[in-house]
Amino acid sequence: MSGASSHSALLINGWLSARTAVGGASPNTDAGYRRDATSFMRFLVKYHGEELGLERLAKVGRRDLRAWMAHERNKGISPRTLARKLSAIKGFFRWLAREHSLDITEIEITRPPRFSARLPRAIAQDDALELLEFTGQGEGRAWVRARDVAVLALLYGCGLRISEALSLTHGSLPLGDTIRIKGKGGKERIVPVVKYARQAVDNYAKICPYPGEPGKRLFLGVRGGPLNQRQVRRVVEQARFSLGLPQTATPHALRHSFATHILNAGGELRAIQELLGHSSLSTTQSYLKVETSRVLSVYRASHPRESET
C-alpha cells in the first residue's frame, strides 16, 4: 500500500476478512471499503509525517477526521460521498476497538457532512412502457435491441437492481413464474416474473448469436463479453432524449417505478420491501416517500406485540 505502512495494510485486510467471516459482505462493497480506508491511511501518513502503527492509530481523533474531510472536500468530493467514506472509516475503527481495545469515542462522535436526501423519481407508467417500446423499435441489430428490452423489462417488471439483472446467467433459463435473486450482501429473495419480462428474456435468448452455457452471463455485449451497466444507462439516455423524458428517467428509476406502481395499486409496504430486497422497512419508506401513518399501520399489523394488544 503505497504511502502508508504495511502494518496498516495488514490491519485493513484483517478488518475485511472479519467482515467476510460474519457474512453480508459483497465483493464490491469490500472493494469500496478498502479504497476508503487505504485513502484515509495515506492521508494520515502525510498529515502526521510518520508511519502508522496501533499506537499512532489510537491517537486518531476528531481533529484528524476534520482535516481529512476538509482535504476530501477540496478535491471536489460531494458531501454524500464523504459521508459514505466516513461510515467506512468508522467501521474500520470499530473493528480496531474490538480487536485491539482502542478508545474511539472521538471518532464515533464525529458527524458526517450534511446533505439533502436525493431519491429517484418514478417514471409514469405510460412513459415507462413507451421507453420499452421505443427501445425495441430502435436502430441496430435485432438481438441487441431484444437484449436491451429484456434488461429494462426486468428492472421495470420485476424491480431488479441493474447489477442483479446483469448478473443473471444462462442457468436461470427458461424463466418461470419466479426467480431467485442474490442482492446486496449476498441476501437472496424470490421475485415474481411478469409475463412481459419472461417473454422479453426468452426472445433475447433465442436470437442472441453467442452460445449460452449454464454458468455464463446471460446478457452480453456486441463482442460477446458481459454487458456492463454503462451500456444500459446509455441506452436509456438515448431513448429518454428521443422521447423527451426528464433526466430523472434512468435505469434505476424503472426499479423505483415498479415499487411505486405496486404501492399505488394497494400493495403492502412489507411485501414491497421484500420484493426490492431492502434490509429494513425504513429504507423502503424513505425510498418511496411513504407517509409515516402508513408505515405505522403496517408495523402494527405485523408486529407480534402490537397484534396481541
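Reader: Which helices each supply at least two residues of the lining of the second largest pocket?

Author: α7 (125–137), α8 (142–158) and α11 (229–243) do. This is a predicted model: local features need pLDDT of at least 70, side-chain atom pairs count only at pLDDT 80 or more, and totals for chains, interfaces and linings use all residues. Residues are numbered from 1 along each chain as its sequence is written, and side-chain values use heavy atoms, leaving out hydrogens and water.

Reader: How do you know that the length of α2 agrees with a helix?

Author: The expected span is 1.5 Å times one less than the number of residues. α2 (residues 27–48) has 22 residues and should therefore span 32 Å; its end C-alpha atoms are 32 Å apart, so the two agree.

Reader: Which residues of α2 are called buried?

Author: Buried means under 20% relative accessible area, with a 1.4 Å probe and protein chains only. In α2 the buried residues include D30, F40 and L44. Just after α2, G49 has a positive phi of about 65 degrees.

Reader: What does Y204 touch?

Author: Contact means heavy atoms within 4.5 Å. Leaving aside residues up to four places away in sequence, Y204 touches W143, A146, R147, A150, L218, F219 and L220.

Conventions: Helices (H or I, at least four residues) and strands (E, at least two) are DSSP runs, numbered from the N terminus. Buried means under 20% relative accessible area, exposed over 50%, partly exposed in between (1.4 Å probe, protein chains only).
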